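Hi everyone, thanks for making time this morning. I'd like to walk you through a model, so please bring it up on your screens.

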Amino acid sequence: MAYVSMGEAHRRITDYLNRFSDAISTQNGAALRRLFAVSSYNSVLLSLADALNVFQDANRLIKQSDKYAQYSEILVPLLRSLQSCRLSHSVDAYMAFEKCANTFIQEFRNWESAWALEALYVIAYEIRVLAEMADRELASNRKTPEKLKGAGSFLMKVFGVLAGKGPKRVGALYVTCQLFKIYFKLGTVHLCRSVIRSIETARIFDFEEFPPRDKVTYMYYTGRLEVFNENFPAADQKLSYALCHCNLHHEANIRMILKYLIPVKLSIGVLPTDSILQKYNLVEYKDIVQALRQGDLRLLRCALQENEDRFLRSGVYLVLEKLELQVYRRLIKKIYIIQKHKDPSKCHQIKLEVIVKALRWLEMDMDIDEVECIVAMLIYKNLMKGYFAHKSKVLVLSKQDPFPQTRLHAS
């Protein structure tokens, strides 16, 4: 930290207080939002934090001036939060910011127009980020991390303020997305349901009037929820919406969407191109796609094992594991095609022993009974049309469309 004189410290603090007061009096939301970005480490706020460590009497400065005193219940804890954040005292920073945020919400509720919505967005973001930092500090000191949960409660209060008629309601989706991030982080995704119901069923909300950025984030998180619920058509619709409307220059966000959209597409038989996997650094899916194309069960299992930790963290491991049925289907279809070239009149009759031998060639040791169970599941799931001739241990495929279309193609 560079040396700061007492006079320079006083000047920096006064300059900040004037900016704050002027932003509110002129209803300049863009100027106000920058003054709440405690965790951003921008140069102005860093220099202010250094000044606060030199000039210890900022509270008196605020309370002695009529211009600043009317905002003292916001400013005093806000400056304390900024100073604590600069000193890496994360719990203190969060506690002070929460106090500041609660007072701001009371003021925001009384303002008729939505001029301060941008500032509210920053507060909603900061309360989450500071809570995460505070919880890391608590955990490192072997204390119970509880601030992120508290941030969730605060944001529900903010949502309640926005969930009414009038121009402020367009901010509800941004706050909802911050809540989603908290619930996913805490592993309490079931709490998302009540907020989703409010957004999707309340007559006061028109989804199309929300900002595009918030709609993309909302669809991304609700799409992930549908993945966890194994509702793949809904997951496909929501994640595809997020992908189509995501800014093309935000490649990191596109990659995040594809991490979940690709498993969903694979489950309904749509394969990504190699160029997509390469462009967005999603090479962990490369062998899985190859396994689906080739009917190579060994390759699929090796790919799942190699990337197990990554897929488990993303929550898509079980989705990918269920692709085994499609790999079996592809393997049997390849056997069917080979037999069709040799003897078209008998290609629809496949001995289970032939399937067993193909699996053994792939170093998958299974007996006929296991293969029969797998084939029965494929028929039950309508991935194949046919029946068993149990006595002769033969799979008899339908002569009309034995392998119903599953859209197994690149996209």
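Let me start with a question: does Thr-144 count as buried or exposed? Thr-144 counts as exposed, because its relative accessibility is 59%, and here exposed means over 50% relative accessible area, buried under 20%, and partly exposed in between, using a 1.4 Å probe and protein chains only. You'll find Thr-144 in the loop between helix 8 and helix 9. Its C-alpha atom is 48 Å from that of Cys-373, a residue 229 places away along the chain.

A quick word on ground rules. This is a predicted model, where local features need pLDDT of at least 70 and side-chain atom pairs count only at pLDDT 80 or more, while totals for chains, interfaces and linings use all residues. Residues are numbered from 1 along each chain as its sequence is written, and side-chain values use heavy atoms, leaving out hydrogens and water.

Now the overall picture. The protein chain has 22 helices and 5 strands; these are DSSP runs, H or I of at least four residues for helices and E of at least two for strands, numbered from the N terminus. Its radius of gyration is 29 Å, well over the 22 Å that the globule rule gives for 411 residues, so the chain is more spread out than a compact globule. That radius is taken over C-alpha atoms, and the rule is 2.2 Å times the number of residues to the power 0.38. Along the principal axes, the C-alpha atoms fill a box of roughly 95 × 45 × 35 Å. Of the 411 residues, 49% count as buried.

On to the inside. The largest nonpolar core has 148 residues, a core being a set of buried Ala, Val, Leu, Ile, Met, Phe, Trp, Tyr and Cys residues joined through side-chain atoms within 4.5 Å. Helix 8 gives the most to this core, with 14 residues. Phe-104 is one of the residues with the most contacts inside the core. Leaving aside residues up to four places away in sequence, Phe-104 touches partners including Phe-36, Ile-74, Trp-111 and Leu-120, where contact means heavy atoms within 4.5 Å.

Phe-104 is among the buried residues of helix 7. That helix has 21 residues and reaches 30 Å from its first C-alpha to its last, close to the 30 Å expected at 1.5 Å a residue; the expected span is 1.5 Å times one less than the number of residues. Thr-103, also in helix 7, is buried at a relative accessible area of 13%. Thr-103 touches Glu-73 and Ile-74, again not counting residues up to four places away. The buried residues of helix 7 pack against helix 2, helix 6, helix 8 and helix 9.

So, helix 9. Among its buried residues are Leu-148, Phe-154, Leu-155 and Phe-159.

One last stop, backbone angles. Most residues other than glycine have a negative phi. Arg-142, however, has a positive phi near 60°. Arg-142 lies in the loop between helix 8 and helix 9 and is exposed, at 83% relative accessible area. Asn-281 also has a positive phi, of about 50°, and is partly exposed at 47%.
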